[in-house]
Amino acid sequence: MTKIPAKISLALLRISMGWLMLYAGITKIIDSEWSAQGFLRGAKTFPDLYKWFLLPQNLPWVDFANEWGLTLLGISLITGALVRYSSPLGAILMLLYYFAGLDFPYPNEHSLIVDEHIIYALVLAFFAAVGAGRYWGFDSRFYR
């Protein structure tokens with residue numbers, strides 16, 4: 001990727017995706033009443049997996065991983081630091097969200113098979129593949 005407009009576009013996409021993830025994480029941290037419990041209870045695909053996440057010994061770390069995973073992913077994407085590592089983890093998180101809401105072939109009322117979580121997962125996979133943090137991010141200092 002040598003063209004300046006492509007680098008700018010990639011950096012802006014990375015930063016805006018980072019803001020989306022940061023906001024999602026921070027709002028969960030700030031809301032002392034927030035828990036993944038309600039979301040997990042409604043899981044339609046792989047219900048046994050999501051019931052396991054709901055076990056009393058698992059729910060605290062699931063909530064923590066969700067809140068801080070999104071927050072740290074957002075910080076990573078905004079700053080362009082460690083994007084090759086944070087992006088695949090974020091993509092896995094997005095797929096977990098996707099499968100919990102999937103009622104094949106309707107993930108939700110406004111889409112057929114592909115919803116925003118699949119798009120987020122694909123964009124995050126793309127960031128990892130191209131090393132998006134190298135373009136106007138701290139990863140440019142780590143990977144020379």
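Student: At what angle do helix 3 and helix 5 pack?
Tutor: This is a predicted model, and the values are computed from it. Helix 3 covers residues 47–54, and its axis lies 10 Å from that of helix 5. The packing angle is about 115°.

Student: Is helix 3 roughly parallel or roughly perpendicular to helix 5?
Tutor: The angle between helix 3 and helix 5 is about 115°. Angles of 65 to 115 degrees count as roughly perpendicular. Helix 3 is therefore, relative to helix 5, roughly perpendicular.

Student: Is the crossing of helix 3 and helix 5 left-handed or right-handed?
Tutor: The two helices pack with their axes 10 Å apart. As helix 3 passes helix 5, the crossing is left-handed.

Student: How many nonpolar residues are in the contact of helix 3 with helix 5?
Tutor: Helix 3 brings Leu 49, Tyr 50 and Phe 53, which meet Leu 95, Leu 96, Phe 99 and Ala 100 of helix 5. This contact has no polar and no charged residues. The nonpolar count is 7.

Student: How do the residues in the contact of helix 5 with helix 6 divide by class?
Tutor: The crossing of these two helices is left-handed. Helix 5 contributes residues including Val 83, Arg 84, Met 94 and Tyr 98, and helix 6 contributes residues including His 117, Leu 124 and Phe 127. The division is 15 nonpolar, 3 polar and 1 charged.

Student: Which residues touch the most other members of the largest nonpolar core?
Tutor: In soluble globular proteins, nonpolar side chains tend to be buried together. The largest nonpolar core here has 18 residues. Helix 1 (4–30), helix 4 (59–79), helix 5 and helix 6 each give two or more residues to this core. The residues touching the most other members are Met 17, Leu 77, Met 94, Leu 124 and Phe 127.

Student: What is Leu 77 in contact with, leaving aside neighbours within four places in sequence?
Tutor: Leu 77 is one of the residues touching the most other members of the largest core. Its contacts, with those neighbours left aside, are Arg 14, Ile 15, Met 17, Gly 18, Val 83, Ser 87, Leu 124 and Phe 127.

Student: How many residues are in the second core?
Tutor: The second core is separate and includes Ala 36, Tyr 50, Leu 59 and Ala 100. Tyr 50 in helix 3 and Ala 100 in helix 5 are also among the residues of the contact between these helices. The second core has 8 residues.

Student: Is Tyr 97 buried or exposed?
Tutor: Tyr 97 lies in helix 5 and touches Phe 39, Asn 66, Leu 70 and His 117, not counting residues up to four places away in sequence. Its relative accessibility is 14%, and the cut-off for burial is under 20%. Tyr 97 therefore counts as buried.

Student: Which residues is Ser 86 in contact with, beyond four places in sequence?
Tutor: Ser 86 lies in helix 5. Ser 86 counts as buried because its relative accessibility is 15%. With neighbours within four places left aside, its contacts are Leu 73 and Ser 76.

Notes. Residues numbered from 1 in each chain as written. Predicted model: local features only at pLDDT ≥ 70, side-chain atom pairs only at ≥ 80, totals over all residues. Heavy atoms only, no water. Left-handed = near helix turned anticlockwise from the far one by under 90°. Helix = DSSP H or I, 4+ residues; strand = E, 2+ residues; numbered from the N terminus. Contact = heavy atoms within 4.5 Å. Nonpolar A, V, L, I, M, F, W, Y, C, P; charged D, E, K, R; others polar. Core = buried A, V, L, I, M, F, W, Y, C linked by side-chain atoms within 4.5 Å. Buried < 20%, exposed > 50% of the residue type's maximum accessible area, 1.4 Å probe, protein only. Axes fitted to C-alpha atoms, helices over the stretch in contact; angles between N-to-C directions. Parallel < 35°, antiparallel > 145°, perpendicular 65-115°, else oblique.
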